[in-house]
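Dear colleague,

I am passing on to you the structure that we spoke about, and below it I have set out what was found. Please read the notes with the structure open beside them.

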Amino acid sequence: MQTGLRGRDLIGDLDFSREEIETIIDVAFDLKRKRALGEPHAYLRDKVLAMLFFFASTRTRGSFEAGMAQLGGHAAFIESRTTQISHGDTEKEMGDIFGRYFDGIAIRHVDWGVGNRYINLVAEASRVPVLNMQCEIYHPFQILADLMTVMEKKGGNLRGRKMVVSWAYASSYLKPISVPQSLILQMTRFGLDIVLAHPPEFKLTPEIMDQARDQARKEGGGFEVMDDMEAAFKGADIVYAKSWGPLLTTTDSDEGKRIQDKYKDWITDERKMKLAREDAIYMHPLPADRNIEVTDEVIDGPNSVVFDEAENRLHVQKAVMALTMC
Ligand code: CP
């Protein structure tokens with residue numbers, strides 16, 4: 001167990017070592033048990049988290065806000081458009097000034113080529129931990145919740161388990177690539193055999209791919225890439241299929257939608273789920289484009305764990321906040 005997390009930022013998935021991630025998951029299970037038993041756990045009494053949003057959210061806002069209250073503190077919801085950022089408040093000013101008011105600063109900023117840089121510049125100027133609630137590169141808290149959920153459903157030793165991280169078609173908007181990127185970075189550290197499946201235009205960033213390969217090599221897991229959704233599903237223990245935009249191919253949304261529309265058959269349905277193991281779990285971070293990305297039968301079916309996955313956002317975030325902001 002590694003407990004030296006006080007004052008640390010969590011911006012990228014590899015900011016914490018594998019052992020530190022194990023500590024977070026361990027604490028998250030303890031906090032989940034305490035909440036179920038109604039045991040008080042006010043580890044952050046009188047502490048305040050700033051939650052700065054540049055993009056919409058249901059789960060992230062709800063779970064951080066509820067989590068801070070359950071830890072005895074408070075979370076301030078700050079929508080970027082209501083601030084003076086557009087009138088000149090810089091990253092340095094936000095980090096330095098908010099660092100004097102708050103005990104932690106959490107930020108969601110998913111704009112391509114902007115969000116991650118913004119969060120890092122705020123962190124450089126801040127005296128308190130900065131937590132990434134999703135940028136265009138990483139979504140570390142989603143993946144911690146995913147890891148906790150996989151461990152709940154498949155046991156603590158994940159070595160040799162096959163996890164498919166697949167692209168899926170969506171029509172709503174070009175979704176960020178941060179979830180698949182964070183998945184391949186974090187899950188390869190836990191010995192899973194990861195199969196990444198996507199059409200050719202939906203590549204992830206080369207640096208992240210190299211890091212995922214390195215993690216798999218170090219931890220004895222697998223990392224394979226293919227462009228066939230059905231082949232990828234075969235024999236899977238965990239199916240994680242969601243949409244993302246072809247952002248490495250084009251950042252033009254009309255062009256991106258035209259590319260996306262070529263692959264409408266990349267939907268998770270019961271026929272494809274039958275290619276996976278009978279006890280395979282279906283995961284999705286939500287929101288999903290129902291009956292486009294995944295059928296109602298699958299997302300509401302017996303193999304779906306999406307509600308437990310959403311719940312676990314609360315527990316892992318409380319664990320990270322309790323360990324970094326105390
Ligand atoms: N999964 C996730 O981050 O959900 P929200 O976008 O609703 O926060």
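Which residue forms a salt bridge with Arg18? The partner is Glu219, and the closest N and O atoms of the two residues are 3.4 Å apart, where a salt bridge is defined as a side-chain nitrogen of Lys or Arg within 4 Å of a carboxyl oxygen of Asp or Glu.

Before going further, please keep in mind that this is a predicted model, in which local features need pLDDT of at least 70 and side-chain atom pairs count only at pLDDT 80 or more, while totals for chains, interfaces and linings use all residues. Residues are numbered from 1 along each chain as its sequence is written, and side-chain values use heavy atoms, with hydrogens and water left out.

The two domains

The protein is divided into domain 1, which covers 18–139 + 310–325, and domain 2, which covers 142–309; these bounds come from an automatic or database domain assignment. The centres of the two domains, taken over C-alpha atoms, are separated by 25 Å. Where they meet, 25 residues of domain 1 are in contact with 33 residues of domain 2, contact meaning heavy atoms within 4.5 Å.

Together domain 1 and domain 2 bury about 2400 Å², of which 63% is on carbon and sulfur atoms; buried area here is the accessible area (1.4 Å probe) that two parts lose on being put together, summed over both. On the side of domain 1, Arg18, Trp112 and His139 lose the most area to domain 2, and together they make up 28% of what that side buries.

Between the domains there are 2 salt bridges, and 21 residue pairs are in polar contact, both residues being at pLDDT 80 or more. A polar contact is a pair of N or O atoms within 3.5 Å; within protein, one must be able to donate a hydrogen and the other to accept it, and residues adjacent in sequence count only if both atoms are side-chain atoms. Helix H1 (18–37), strand E4 (130–135) and helix H12 (306–324) each supply at least two residues of the side of domain 1 that touches domain 2, and the largest share, 8 residues, comes from H1. Helices (H or I, at least four residues) and strands (E, at least two) are DSSP runs, numbered from the N terminus.

Buried and exposed places

Is His284 buried or exposed? His284, which is found in the loop between strand E9 (281–283) and helix H11 (296–299), is buried, because its relative accessible area is 1% and buried means under 20% relative accessible area, exposed over 50%, and partly exposed in between (1.4 Å probe, protein chains only). A polar atom of the His284 side chain lies 2.8 Å from the backbone nitrogen of Leu286. Leaving aside neighbours within four places in sequence, His284 is in contact with Tyr240, Ala241, Lys242, Glu293, Val306 and Glu309.

Thr250, in the loop between strand E8 (238–242) and helix H9 (253–260), also counts as buried, at 13% relative accessibility. The side chain of Thr250 reaches the backbone nitrogen of Asp252 at 3.0 Å.

Helix H6 (residues 178–187) is mostly covered, with 10 of its 10 residues buried. By contrast, Glu124, found in helix H4 (residues 115–125), is exposed, with a relative accessible area of 65%.

With kind regards
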